[in-house]
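Try each task before reading its solution.

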Amino acid sequence: MRYGYFLAERNVPDPIGDLRDQIGQAAAMGFSSAWLSNIFGLDALTALAAAGAQGPAIELGTAVVPTYPRHPAVLAQQAMTANAALGGRLALGIGLSHKVVIEDVFGYSFERPGRHMKEYLDILIPAGRGEHVTYDGETLKADLKLTTPGAGFPVLVAALGPRMLKLAGTVADGTVLWMTGPKTVAEHIAPTINAAAAEAGRRPPRIVCALPIAVTDDREAAVRRADEIFEVYGQLPSYRAMLDREGAATPGEAAIIGDEETVLATLAELERAGVTDFVGSPFANRERTLNLLVSAVKG
């Protein structure tokens, strides 16, 4: 299992310089990848291209870019440009986002999200390889060939439900997870996406599992803190479904929290469940947590 680091978007005078420093630190600590979310702050692709272009040879990923606000060919062009700037080190993580965001914030219809994602990938993946795409779908259309450098980046889908997991395993390079624990990965995520890839004659997909993590001797306090920070994820239907599968009443119960021995045991459980890449998002006791992750990276 490879280890990645979740970059923090901080309110500082030079946010790109801060990201550049974080990427350098992640590489120096031995992490194989660093990931940035795309919500309402920095545009993840632009920020990673700007912060990581002259940095160390570490994979940089988006976790994740919402699909609805950008035509797939436009996103392919932007991702290719970022990948060119990064020397081929980009992993493009994309996702549907959530109905409350897509309809209430952006004003798009969130009807038929499964159909939308299938058609999105039907355009995005070949366009991102530099192929001519002629496509006439129910929700999306395209007729173009991009000449942008940086073709050939991996595409990972934020897939949680069965239909999305099967789609990710059939046509994409894997999935990016959040608020999804080892029980759910072992019993739901890994079997579904791996079976889809095998049936399609494709190699095993990546399962990138990102979770909040804190090494501490006061588990109850850390769980309460995680519940405060990540409260919204217990209310969004897709993540709520994963928490329920895991048997976690709150996001804090899904976070990886405990002393060194407990945390290492959970990381080992994730690896046995089928996780190929664990991405840690330290939210408390940062120094102690990073020390533990570094020890895990070094094996």
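Two exercises with worked solutions follow.

The model is predicted, so local features need pLDDT of at least 70, side-chain atom pairs count only at pLDDT 80 or more, and totals for chains, interfaces and linings use all residues. Residues are numbered from 1 along each chain as its sequence is written, and side-chain values use heavy atoms, with hydrogens and water left out.

**Exercise 1.** Work out how helix H2 packs on helix H3.

Step 1: Take H2 (residues 44-52) and H3 (residues 72-85); their axes lie 8 Å apart, at an angle of about 15 degrees. That makes H2 roughly parallel to H3 (the label covers angles under 35 degrees).

Step 2: Check the handedness: the H2–H3 crossing is left-handed.

Step 3: List the contact (heavy atoms within 4.5 Å). H2 brings Leu-45, Thr-46 and Ala-49, while H3 brings Leu-75, Gln-78, Ala-79, Ala-82 and Ala-85.

Step 4: Sort those residues: six are nonpolar, two polar and none charged.

**Exercise 2.** Find which residues of helix H9 are buried, and what they pack against.

Step 1: In H9 (residues 237-246), pick out Tyr-239, Met-242, Leu-243 and Glu-246 as buried (under 20% relative accessible area, 1.4 Å probe, protein chains only).

Step 2: Look down the H9 axis: the buried residues fall within an arc of 100 degrees, so they line one face.

Step 3: Find the partners: the buried residues of H9 pack against strand S9 (174-178), helix H7 (182-199) and helix H10 (251-254).

Step 4: Step past the end of H9 to Gly-247, with a positive phi near 80 degrees.

Definitions and conventions: Axes fitted to C-alpha atoms, helices over the stretch in contact; angles between N-to-C directions. Helix = DSSP H or I, 4+ residues; strand = E, 2+ residues; numbered from the N terminus. Parallel < 35°, antiparallel > 145°, perpendicular 65-115°, else oblique. Left-handed = near helix turned anticlockwise from the far one by under 90°. Nonpolar A, V, L, I, M, F, W, Y, C, P; charged D, E, K, R; others polar. Buried < 20%, exposed > 50% of the residue type's maximum accessible area, 1.4 Å probe, protein only. Arc of directions from axis to C-beta.
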